[in-house]
Amino acid sequence: MGNNRILIPRGKYFLRAISKKSEVKSIYVRYVYNRTSIVRPVANYQCRDSDWNQSGNMGRGEVKSSYGADFKRVNSVLAKKIADTDNAIIEYNTVHPHKMTVQVIRDILDGKPLTRQDEGKPFVEFADEITENKYQERRISHSTYKNRLCCMKKFRKFLKVEMKQDSLFVGDISKEIVSRYIQWRKSTEDNSHETINHALTPLIDACERAADLGLLVKSEYAEIKRMRLPKMVSFNAESEENEVKYLEKEQLRRLVEYAKTEKEPRRKEYLDMFLFAFHCCGLRVVDIMTLQWKHIDFGKKQLRKILVKTANYRSTTHTVPLTSEAIDILTRWKKKYGNKRFVFGMLDDDTDLDNRETLYKCRNTVTKCINQSLIVVGKKLKFNHSLTMHVARHSFAVMALNDGMAMSVVSRLLGHASTAVTEKVYAKYLPETLEEEMNRLDFGFLAS
């Protein structure tokens with residue numbers, strides 16, 4: 001079966017010859033850890049074989065009375081030195097479980113100060129700081145921010161209930177601990193794979209940052225990163241990828257009233273962006289994100305910019321008339337970000353808009369943040385589908401067409417390449433317009 005691994009080594013003294021001819025030998029101390037022998041001399045202490053008792057001091061070794069009148073003091077010094085070393089090893093293992101190494105024992109024997117690279121930073125606090133920074137940098141939405149803090153609060157509960165400890169240092173996180181956390185959420189919390197994966201996100205983000213800073217071994221982070229659970233495939237719901245989701249007039253009125261009372265600053269800003277997109281003829285989120293003050297002409301009440309989606313093959317400037325509602329929103333934002341490059345402050349002033357890869361990543365991040373916050377609002381207002389930024393675009397198109405605006409005009413305001421694109425997307429959602437157009441026809445001459 002093999003020998004059991006000794007987690008807490010105990011030291012022993014032994015004699016080692018100074019030279020082959022010398023009768024006097026130096027006293028050394030030895031610790032064995034993971035089959036590695038760590039040996040250090042005991043300064044200025046020497047002894048003959050005849051004056052040494054290896055079985056003394058509970059097998060740790062001591063000098064005999066024949067050593068001389070000083071034998072009691074020498075044994076007292078040896079006993080204290082090895083006891084202090086043992087206690088230092090035990091204390092380190094208690095504070096930093098599963099982190100004992102041969103080098104740590106060497107440092108203790110050499111009297112080196114033991115300092116942690118993570119400076120004793122609690123892991124949960126470290127993860128919460130990363131979440132806070134991402135929120136302040138607008139990389140995550142308010143709802144995601146709150147959710148991640150809640151996830152780490154649950155992890156703290158796991159440490160106390162399952163691990164029997166109040167805290168965990170950054171450098172002490174391990175694959176084994178994360179595995180126990182996953183099992184705990186499965187068995188105790190009865191969480192689904194999707195919920196557990198969401199809970200692992202702030203934890204894995206913290207591990208990634210710790211690895212970048214050298215506080216966690218990169219191979220350990222790589223193992224933890226691979227611990228996400230496989231998605232559970234569902235065959236119940238049909239795909240709705242091609243469904244046009246829009247708000248009816250009454251729903252939009254309710255949303256406007258809700259926006260007036262929203263107290264959470266970030267969500268209130270996102271609602272402003274949604275309503276601005278609607279009033280600006282369904283402007284896409286990437287164009288909301290890249291909208292600059294130079295694109296706004298308050299005198300002519302116009303917005304003029306090259307649309308990002310069509311910039312590669314059609315560099316003509318897209319012009320949108322600004323309604324009074326859109327002007328009101330811009331006036332409010334002018335007070336906040338009038339000295340910035342971008343109207344809604346979603347990008348840094350030095351962002352390179354010609355770098356399509358960077359712009360694509362920013363678009364995905366911004367869209368995710370805004371949509372996660374809007375979805376919360378949609379649920380509160382009990383809308384029958386998720387509220388996202390693209391709903392503003394669909395809502396404008398459907399309402400404009402149903403209010404009698406020509407398909408060609410709507411197509412031009414949406415920035416579509418051709419009217420055929422607009423017809424393909426919206427024709428089947430226009431029963432009111434189609435009915436009105438049919439009523440205009442006069443086939444009375446066919447009556448018998």
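# A guided tour of the predicted model

Begin with the open sheet of three strands, whose order is E6-E7-E8 and whose pairing is antiparallel. The edge strands are E6 (296-297) and E8, each of which pairs on one side only. Please bear in mind throughout that the model is predicted.

**First stop: strands E7 and E8.** Select residues 302-305, which form strand E7, together with E8; the two pair in the antiparallel sense over four bridges. To find a pair of facing residues, highlight Arg304, which stands opposite Thr319 in E8.

Now display the side chains of E8, residues 318-321. In a regular strand, side chains alternate between the two faces of the sheet.

Move to strand E1 (residues 12-17) and strand E2 (residues 24-33), which run antiparallel and are joined by six bridges. Strands of a sheet pair through backbone hydrogen bonds, in either a parallel or an antiparallel manner. Select Ala17 and then Lys25 in E2, which stands opposite Ala17. From here, follow the chain between the two strands: a hairpin of six residues joins E1 to E2.

Select helix H6 (residues 175-187) and helix H8 (residues 218-225), whose axes come within 9 Å and cross at roughly 20°. Angles under 35 degrees count as roughly parallel, and H6 is therefore roughly parallel to H8. The crossing in which H6 passes H8 is right-handed.

Show the side chains where these helices touch: Lys175, Glu176 and Val178 in H6 meet Glu220, Glu223 and Ile224 in H8. By class, the contact of H6 with H8 comprises two nonpolar residues, four charged residues and no polar ones.

Next, select helix H10 (residues 265-279) and helix H14 (residues 389-402), which pack at an angle of about 30° with their axes 8 Å apart. This angle makes H10 roughly parallel to H14. H10 passes H14 in a right-handed crossing.

On the H10 side, display Met273, Phe274, Ala277 and Phe278; these meet Met389, Val391, Ala392, Ser395, Phe396 and Met399 in H14. Which classes of residue make up the contact of H10 with H14? Nine are nonpolar, one is polar and none is charged.

**Last stop: Ile375.** Finally, centre the view on Ile375, which lies in helix H13 (residues 356-380). Is Ile375 buried, exposed or partly exposed? Its relative accessibility is 27%, so Ile375 counts as partly exposed. Leaving aside residues up to four places away in sequence, Ile375 touches Ser386 and Leu387.

Conventions:
Residues are numbered from 1 along each chain as its sequence is written. This is a predicted model: local features need pLDDT of at least 70, side-chain atom pairs count only at pLDDT 80 or more; totals for chains, interfaces and linings use all residues. Side-chain values use heavy atoms; hydrogens and water are left out. Axes are lines fitted to C-alpha atoms, for helices over the stretch in contact, and angles run from 0 to 180 degrees between N-to-C directions. Angles under 35 degrees count as roughly parallel, over 145 as roughly antiparallel, 65 to 115 as roughly perpendicular and the rest as oblique. A crossing is left-handed if the near helix is turned anticlockwise from the far one by less than a right angle, and right-handed if clockwise. Contact means heavy atoms within 4.5 Å. Ala, Val, Leu, Ile, Met, Phe, Trp, Tyr, Cys and Pro count as nonpolar, Asp, Glu, Lys and Arg as charged, and the others, Gly among them, as polar. Buried means under 20% relative accessible area, exposed over 50%, partly exposed in between (1.4 Å probe, protein chains only). Two strands pair if DSSP finds at least two bridges between them.
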